[in-house]
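This report concerns a protein chain and its ligand. Please look over the sequence and the structure before reading on.

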Amino acid sequence: MSKTSRAHTNIALIKYWGKKDAKLRLPLMSSLSMTLDAFYSDTQIEDSDQMSFSLNGKQIADKSADRVFSYIKLMQDRYGVSGNLAIKSDNHVPTAAGLASSSSAFAALAAAFADHYHLDVDKRELSRMARMGSGSASRSIFGGFAVWQKGDSDESSYAYALDEHPQMDLKLLAVELNDQPKKVSSTKGMELSKTSPFYQLWLDRNDQEIADMEAAIKAQDFTKLGSLAELNASEMHSLTFTAQPGFTYFEPKTIEAIKLVQELREKGLECYYTIDAGPNIKILCQEKNSKDIVNNFALAFDSVKIIEAGFGPGVTLLD
Ligand code: 2P0
């Protein structure tokens with residue numbers, strides 16, 4: 001049996017939104033993220049007489065199990081190993097977080113796979129392995145701030161740690177506005193977005209956006225970091241509006257929440273938003289303001305669920 005591997009989810013501050021190679025999951029741009037302490041996946045693998053996948057204690061036999069099994073097959077072929085496996089995963093990523101669990105799930109699965117077969121892989125290689133399960137999982141191998149450099153091949157596309165133990169005062173508030181499953185998958189949304197007339201501009205701006213964000217992190221400049229993250233998320237969502245045909249992940253409450261963030265900022269309660277491939281908003285703020293921001297959201301939205309997260313660690317094997 002493998003040890004239990006634990007990986008945390010991450011939130012992209014500069015986003016991955018476009019694939020160059022869907023099979024290898026090579027991205028068209030580099031991305032930069034914050035790993036989050038509040039949300040994680042635990043995974044264990046053992047030999048078995050047939051392939052099985054259980055999630056949060058329940059046997060799964062749907063599309064998500066097929067995705068896990070085809071990933072295992074891909075990794076077994078890559079490393080010349082074989083055998084049926086029982087895969088057990090526990091996701092500590094509440095729906096209320098509005099965060100995709102695929103980043104922590106595939107980072108934990110890659111690490112459990114490497115441990116089960118005693119593969120001699122370093123974190124860079126683990127990041128490449130995780131990338132092939134889900135692009136954003138490449139970044140969850142590392143704690144703190146991580147960069148996934150796009151590269152142009154399987155060998156050169158991996159994440160690395162920018163700062164695994166940041167001293168910066170930065171919190172993320174995951175605000176649940178809507179708990180319905182998203183209608184357009186990330187993979188589909190990325191492909192559709194390529195038809196936007198702004199898509200080339202999105203790619204052209206990537207190097208500068210990464211460099212600017214790295215500088216903001218180095219300077220521990222919260223205002224710069226928040227403004228850049230908000231702009232990058234808005235650029236990503238502009239691609240969905242301007243795709244042919246256009247679509248959006250936003251719901252009416254998403255717009256209300258964006259306006260509230262803008263109002264709070266004007267009142268001196270500094271905060272910024274970022275939004276992934278769904279209607280929920282994540283707020284970047286400093287510890288001193290987080291309670292006030294939560295209270296303002298609770299007043300504006302009935303029975304809203306908000307979870308606060310700080311910096312999380314990279315993937316680890318538990319004893
Ligand atoms: C990100 N997202 O950088 C971007 C921003 C959503 C918006 O990565 O297709 O599940 O498995 O490689 O990693 C969500 O997509 O995509 C994502 P696949 P993934 O975090």
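The sections below cover confidence, domains, the domain contact and the ligand shell.

## Model and confidence

The model is predicted. The predictor assigns the complex an ipTM of 0.97 and a pTM of 0.97. Over the protein chain the average pLDDT is 96, and 99% of the residues score at least 70. Where pLDDT is low, predicted coordinates should not be read in detail.

## Domain division

The protein chain splits into domain 1 (4-167) and domain 2 (172-309). Taken over C-alpha atoms, the centres of domain 1 and domain 2 are separated by 23 Å.

## Contact between the domains

On one side of the contact are 28 residues of domain 1, and these meet 30 residues of domain 2. Several strands each supply at least two residues of the side of domain 1 that touches domain 2: strand 1 (4-14), strand 4 (31-47), strand 8 (145-149) and strand 9 (158-163). Strand 4 gives the largest share of this side, six residues.

Sorted by class, the side of domain 1 that touches domain 2 holds 19 nonpolar, five polar and four charged residues.

## Ligand shell

Where does the ligand lie relative to domain 1 and domain 2? The ligand lies between them, because both domain 1 (4-167) and domain 2 (172-309) give residues to the shell around the ligand.

There are 15 residues around the ligand, of which Ala12, Tyr16, Ser134, Gly135 and Ser136 come nearest. By class, the shell around the ligand contains seven polar, five nonpolar and three charged residues.

Methods:
Residues numbered from 1 in each chain as written. Predicted model: local features only at pLDDT ≥ 70, side-chain atom pairs only at ≥ 80, totals over all residues. Near = placed C-beta within 6 Å. Nonpolar A, V, L, I, M, F, W, Y, C, P; charged D, E, K, R; others polar. Domains from an automatic or database assignment. Contact = placed C-beta atoms within 7 Å. Helix = DSSP H or I, 4+ residues; strand = E, 2+ residues; numbered from the N terminus. pLDDT = per-residue confidence, 0-100.
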